[in-house]
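User: I would like to go through a structure with you, one topic at a time. Please keep the answers plain.

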Amino acid sequence: MATNITNTNSIDPRDVGTPDDWIPRHPEMVRLTGKHPFNAESPLSLLMDQGFITPNPLHYVRNHGPVPKLHWDTHRLIVDGLVSKPLNLSMNDIEKFPYKEFPVTLVCAGNRRKELNMIKQSKGFNWGSAAVSCAIWKSVPLNYILKLAGINLDDCINDPRYICFIGADKLPNDYYGTSIPLEWCLNDINDVILAYEMNGERLPPDHGYPLRVIIPGCIGGRMVKWLSRITISNEESDSYYHYHDNRYAYTGGGNKITRVEISLDDGKTWILAKLNQPELDHPVVLKRGINPIPRYWCWSFWSLTISFYSFIRCEEISVRAWDATQNTQPRNPTWNVMGMMNNSHFRVKINTIVQGSEFRLIFEHPTQPGNLSGGWMVKSEILSPKLLTFSKNSTNNNEKIPTFNINDVAKHNNEKDCWIIIDQKVYDCTKFLKNHPGGISAILINAGKDVTNEFNDIHSTKARDLLKNFYIGNLVVSHKAKM
Ligand code: HEM
Ligand SMILES: Nc1nc2c(c(=O)[nH]1)N[C@H]1C(S)=C(S)[C@@H](COP(=O)(O)O)O[C@H]1N2
Ligand SMILES: [Mo]
């Protein structure tokens, strides 16, 4: 049974003073990039308790920057580029069109990145294993809009065509955008849609209000939120985020999960689990009728009864799934710079504790999301604050390193003059604000403050190297300083 999800009408104290201080958020969502921007996943057990459909406040969120404040009555969708009839549509126009409504599981390509980061720090922050959620989306089919704009399949035959989606969120490197081949959207069985309702409600601001793209079976990064423009082009999207953030394939692809297997002996033998696929008989799906070529857009659940005693000699449970094309998950993770697409066998360690004549079993996941401790992959050294191993050496020249107390630093707290403290060192990052990949506000809300924990939780070694350029002196503890 789904637990009651309450407490989502108020503004979380962590959002006060950020550009998102108007958005109600669930207090239990685990924040992965400090206070802002909002990148968050539900605690795994809370997510699983909800079952097939994830309530909106617990759906994972991936925001590259502040959420744009858009309004139903004034928002427009522009369709232009290589089209014979450019469009400029209001939300009321869009809502009057024929609609599709069905559940889709979204997953961020960075899901389970923390496991990769435990092998070696990648360029991304620590997603646990809950950057995956499932909601029912009500929407206009994208191919309906494309036909209105005068596009048909023949247009793509001689010439490759791409459809570029642009969001209304202005980020340090321009607007968020990405593209996919046009043919994919024209084919009705691929179910590419522009959604305006999520689980029977208008989209929440974090999920793209008032309009977003849903491309079932594809990584979340393609599903542009706050959609404001669609441009048809013979080139792929030129958005920074298309090239640098989310260029990866994904083999969700609508294939049915056919088997889930569990191993208790490090992959030597596998036991077949019972599959539960709520998508197959969900009322909303049944209402749609039978698709000539069935596509499966949602997660499947599994269960298996194992006697308590079989765990005692077992060190680890691993799980793998197979799909209808006989694809299965790789045994080991493949580390990559961006920390994307970790889909390796999920392995849970079992610790047996003997107390007199009784046994207790403790199950341990590989990691816990963000900077939460725990998980067998998480080595204690990684959780301890990473001290920056450089110093502006005063032995080479007799230059004295300037020192500041916390009150000195606190005065440099604005866009024109912005200092921060990391590991007892003071940095002037005013000049860097505009170029910061995490956005101006991420730094600005911390201007004049000690950001050691937030900085260390979020950043790669590349960011740490960059930081050196902004070093201006050391922090001293002054007795006069007000804490
Ligand atoms: C001069 C100081 C800073 C430098 C040089 C810096 C550099 C960077 C770099 C290079 C990235 C890209 C990812 C990576 O390589 O790790 C990044 C991302 C990010 N930074 Fe910073 N950063 C600074 C300060 C801060 C501060 C003070 C905060 C807030 C506590 C912050 C929040 C973020 C966030 C949230 C992202 C992730 C963006 C995303 O992927 O959505 N940064 N930063
Ligand atoms: N405009 C815009 N669209 C976006 C993003 C964004 O930051 N801006 N993030 C993308 C990424 S990487 C993912 S995984 C999904 C997440 O959707 P959700 O926040 O509704 O779960 O949105 C995608 N669409
Ligand atoms: Mo993503």
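User: To start, where does R25 lie?
Analyst: This is a predicted model. In it, R25 sits in the segment before β1 (30–31).

User: Is R25 buried or exposed?
Analyst: R25 is buried, because its relative accessible area is 3%, which is under the 20% limit for that class.

User: Which side chain does R25 contact?
Analyst: The side chain of R25 makes a polar contact of 2.7 Å with the side chain of D206.

User: Turning to the ligand, which residues are closest to ligand 1?
Analyst: Ligand 1 is surrounded by 26 residues, and R62, H436, N446, H459 and S460 are the closest. By class, this shell holds 15 nonpolar, eight polar and three charged residues.

User: What coordinates the iron atom of ligand 1?
Analyst: H436 and H459 coordinate the iron atom, each through NE2, at 2.0 Å. The two residues come from distant parts of the chain, 23 residues apart: H436 is in the loop between β24 (425–428) and α11, and H459 is in the loop between α12 and α13.

User: And what is the geometry of the iron site?
Analyst: The site is octahedral, with six donor atoms and angles among them of 86 to 179°. For comparison, the ideal angles for six octahedral donors are 90 or 180 degrees.

User: Are H436 and H459 buried or exposed?
Analyst: Both H436 and H459 are buried.

User: What polar atom of S460 faces the ligand, and at what distance?
Analyst: A polar side-chain atom of S460 lies 2.7 Å from an oxygen atom of ligand 1.

User: Which residues does UniProt list for the heme-binding domain?
Analyst: An unreviewed UniProt entry lists residues 401–476 as "domain: Cytochrome b5 heme-binding". Over residues 401–476, the model has 32% helix and 25% strand, with the end C-alpha atoms 11 Å apart.

User: New topic: the backbone. Which peptide bonds are cis?
Analyst: Cis bonds include the one from H36 to P37, with omega near -5°, and the one joining Y209 and P210, with omega about 0°. P37 is in the loop between β1 and β2 (39–41), while P210 is in the loop between β11 (201–202) and β12 (212–214).

User: What about phi of D191 and of W226?
Analyst: Phi is positive in each, near 55° for D191 and near 50° for W226. Most residues other than glycine have a negative phi. D191 is buried at 2% relative accessibility, and W226 is likewise buried at 2%.

Methods:
Residues numbered from 1 in each chain as written. Chains lettered and ligands numbered in written order. Predicted model: local features only at pLDDT ≥ 70, side-chain atom pairs only at ≥ 80, totals over all residues. Heavy atoms only, no water. Near = heavy atom within 4 Å. Polar contact = N/O pair within 3.5 Å; in protein donor to acceptor, adjacent residues only side chain to side chain. Nonpolar A, V, L, I, M, F, W, Y, C, P; charged D, E, K, R; others polar. Donors = N, O, S within 2.8 Å, 3.2 Å for Na, K, Ca; no water. Tetrahedral: all angles 85-135°; square planar, octahedral: opposite > 155°, others 65-115°. Helix = DSSP H or I, 4+ residues; strand = E, 2+ residues; numbered from the N terminus. Buried < 20%, exposed > 50% of the residue type's maximum accessible area, 1.4 Å probe, protein only. UniProt positions renumbered as here; feature names shortened; annotations may be inferred.
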